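Subject: Structure handover

Hello,

I am passing on the structure we spoke about.

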Amino acid sequence: MAVPGPSSRAAPEALRGGGPRLQILLDFDGTLVEPNVAIVLVERFCPDGQRVAHEIDQELHAGHITLREAWARQVALLPPSRLHEMTDFVAREVPLRRGARRLLGLLREHNVPTAIVSGGLEFFIRPVLAREGLEYPLFADGIEYDGEARLRVVHPYGHPTCRLCGICKANVALRFGAPGVSTVFIGDGSTDKYAAEVAEIVFARHRLQEYCARANVPFFPFDDFDPVTNRLEGWLTGVHPLPPPRSRGLATSACPISQELSRSPPRDVGQGVVR
Ligand SMILES: [Mg+2]
């Protein structure tokens, strides 16, 4: 499963200024933007959407269905005949998280390779990225519409065999960008937990924060982006040292990539630091 990234083209740019080599993976719903867009769309564009979305969410968090199953059911609720309306609504109404523009400015200033990795759908993410003038690589699910009454979710970045998640964020976190560059993952929710197990450095809010605390995955908490930006700025300018190395992956994880990584020797965070 190929995960293209800026890799060899963008990584040398990140070395300007002599700071550590970092690359950023940014979740979309509930992270780069305030709301979970799929839930907002289901609630706004589907009859009885609020109740049905809540029921699906309850089943997911009770462990009765997988992320992939929950997502397929949620996407099937979106009315195909109103796709344009939904796209316009998202571009008009979905705000970035507080502090996002300062964070994005810092990443641009330091030429840090950055990508969006989302369990959401490409059709509602691109209008927000276009509105903000962001040309980041995007790893997300897609939709197919075969003339039937329902949309079907497709997983161009799914794991070849594992069926727990739609998009395999763990694989993106493992393979994105240039080898030897530490990956910083920033996320908030259930689809982020395996990427958090795999990335070198994690910023977490909301449910991801609770998960990381329970699973002993080291993380930096945030709600608005200012603590993230401040910390990254300290690292990128060399004012503050990177966090100490940690073991990546969890032996007890349900994610096969995380399990396998837990059996590999630990790698220093910031091993590519150039002084
Ligand atoms: Mg999210």
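The notes below go from the whole chain to single residues.

This is a predicted model, in which local features need pLDDT of at least 70 and side-chain atom pairs count only at pLDDT 80 or more, while totals for chains, interfaces and linings use all residues. Residues are numbered from 1 along each chain as its sequence is written.

Overall

The protein has twelve helices and seven strands; helices (H or I, at least four residues) and strands (E, at least two) are DSSP runs, numbered from the N terminus. Of its 275 residues, 43% are buried. A residue is buried if 20 or more other C-beta atoms lie within 10 Å of its own, exposed if 12 or fewer, and partly exposed in between, with C-beta atoms placed from the backbone. Among contacts between residues at least 6 apart in sequence, 62% join residues at least 24 apart; two residues are in contact if their C-beta atoms, placed from the backbone, lie within 7 Å.

The core

The largest nonpolar core holds 72 residues. Such a core is a set of buried Ala, Val, Leu, Ile, Met, Phe, Trp, Tyr and Cys residues joined through C-beta atoms within 7 Å. Leu25, Ala173, Ala195, Ala196, Ala199 and Val202 touch the most other members. Helix 2 gives the most to this core, with five residues. The core lies between domain 1 (7–35 + 98–262) and domain 2 (37–93), because both give residues to it; the domain bounds come from an automatic or database domain assignment. Leaving aside neighbours within four places in sequence, Ala199 is in contact with Leu25, Ala173, Thr183, Val184 and Phe185.

Helices 2, 3 and 4

The buried residues of helix 2 are Val37, Ala38, Val40, Leu41 and Val42. They pack against helix 3, helix 4, helix 5 (83–93), strand 2 (114–121) and helix 7 (122–131).

The axes of helix 2 (residues 37–45) and helix 3 (residues 49–61) come within 7 Å and cross at roughly 145°. Axes are lines fitted to C-alpha atoms, for helices over the stretch in contact, and angles run from 0 to 180 degrees between N-to-C directions. On the helix 2 side, Ile39, Val42, Glu43 and Phe45 meet Gly49, Gln50 and Ala53 of helix 3.

Helix 3 and helix 4 (residues 67–76) have axes that come within 10 Å and cross at roughly 175°. Helix 3 is therefore roughly antiparallel to helix 4 (angles under 35 degrees count as roughly parallel, over 145 as roughly antiparallel, 65 to 115 as roughly perpendicular and the rest as oblique). Here Ala53, Ile56, Glu59 and Leu60 in helix 3 meet Leu67, Ala70, Arg73 and Gln74 in helix 4.

Single residues

Ala100 lies in helix 6 (residues 100–109) and is buried, with 20 other C-beta atoms within 10 Å. Leaving aside neighbours within four places in sequence, Ala100 is in contact with Leu32 and Phe225.

Asp48 sits in the loop between helix 2 and helix 3. Asp48 is not a glycine, yet has a positive phi of about 65°; Asp48 is exposed, with 10 other C-beta atoms within 10 Å.

Regards
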